[in-house]
Amino acid sequence: MKLSNSRRLQSIADLLQEKGFVKARELSALYEVSMETIRKDLMYLEEKGVAKKEYGGASLSLMGVEKGLEFRKIHDEGKQEIARCAAELLKEYHSLILDSGSTCQACVPYINLISSMNIVTNSLDACKQLNGNQHQVFLLPGRKREKNGSVIGNWTEKYLKSIHVDICLMGTSGLLECEGTTAHSYEELSTKQYMIRQSDMVFVLADSSKFQEKGIHTVEGWNMIDGIITDRRISQKVYTKYSKKVPIYIAGEDKI
């Protein structure tokens, strides 16, 4: 099957997560490309922390792979710090786009305690948990993505084009050596890009472990992001490095 470069990389990453190991010759036949192209693909995925090249193919690397919702619940203490900080920030605004990341979902109980807002989300779980009596809650239309309980696709993007909000809270797959917020899934790229573009301000919610993980696809560069909200476990070295590219706010310490 013939796929674009980005879709082929995503498909190989999915196969790695499903099978744990892929053979280069089988990939070459499957995607109807040369062995040299597959070699470059596997090298790229290794650089991104998704694959580990081995004789005749590659195995799955746990670093840089999209996790399911249950796996994402680790680092919960840091996520809660970030969530409380983000909810405090929202008190100044009237409308919000809430992304489907696990740290974004951690914000929901705190958002339910603040004054009424217009909230648009592509997260099925967040929509279910947001208090519709307290807020005006809008679930984006589109196709369900089972991996993370998000909604994506043309219908999603069409609706996003028709709105504009004060602020967006965006998740990220990883930030190690990245030039912007990232996603492991090629399918989610356009949806996340529209979320950012239709918002006056954008804050990326990332616990400190995200600075040690890589994401495959860059969603938008740091010039489109107003700040990263992280937890107190971020090292001084990492803080110094990334704060030169984008404002970083440490939950519980910095006032945004």
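Modeller: An angle under 35 degrees counts as roughly parallel, over 145 as roughly antiparallel, 65 to 115 as roughly perpendicular, and the rest as oblique. Helix H8 (residues 154-161) and helix H9 (residues 189-197) pack at an angle of about 10°, their axes 9 Å apart, and are therefore roughly parallel to each other. Axes here are lines fitted to C-alpha atoms, for helices over the stretch in contact, with angles running from 0 to 180 degrees between N-to-C directions. Helices (H or I, at least four residues) and strands (E, at least two) are DSSP runs numbered from the N terminus.

This is a predicted model, in which local features need pLDDT of at least 70 and side-chain atom pairs count only at pLDDT 80 or more, while totals for chains, interfaces and linings use all residues. Residues are numbered from 1 along each chain as its sequence is written, and side-chain values use heavy atoms, leaving out hydrogens and water.

H8 brings Thr156, Glu157, Leu160 and Lys161 to the contact, and H9 brings Ser190, Thr191, Tyr194 and Met195 (contact means heavy atoms within 4.5 Å).

Met195 leads us to the largest nonpolar core, which has 27 residues. Such a core is a set of buried Ala, Val, Leu, Ile, Met, Phe, Trp, Tyr and Cys residues joined through side-chain atoms within 4.5 Å. Those with the most contacts inside this core are Met195, Ile97, Phe211, Ile225 and Ile228. H9, strand S9 (165-170), strand S11 (199-205), helix H10 (236-242) and strand S14 (248-250) each supply at least two of its residues. A second, separate core of 26 residues includes Cys85, Leu89, Leu90 and Leu130.

You will find Ile225 in the loop between strand S12 (217-221) and strand S13 (227-230). Ile225 counts as buried because its relative accessibility is 6% (buried means under 20% relative accessible area, exposed over 50%, partly exposed in between, with a 1.4 Å probe and protein chains only). Apart from neighbours within four places in sequence, Ile225 contacts Thr181, Ile196, Val202, Val204 and Val246. Val204 is 21 residues from Ile225 along the chain, and their C-alpha atoms are separated by 7.4 Å.

Ala183 is buried, at a relative accessible area of 0%.
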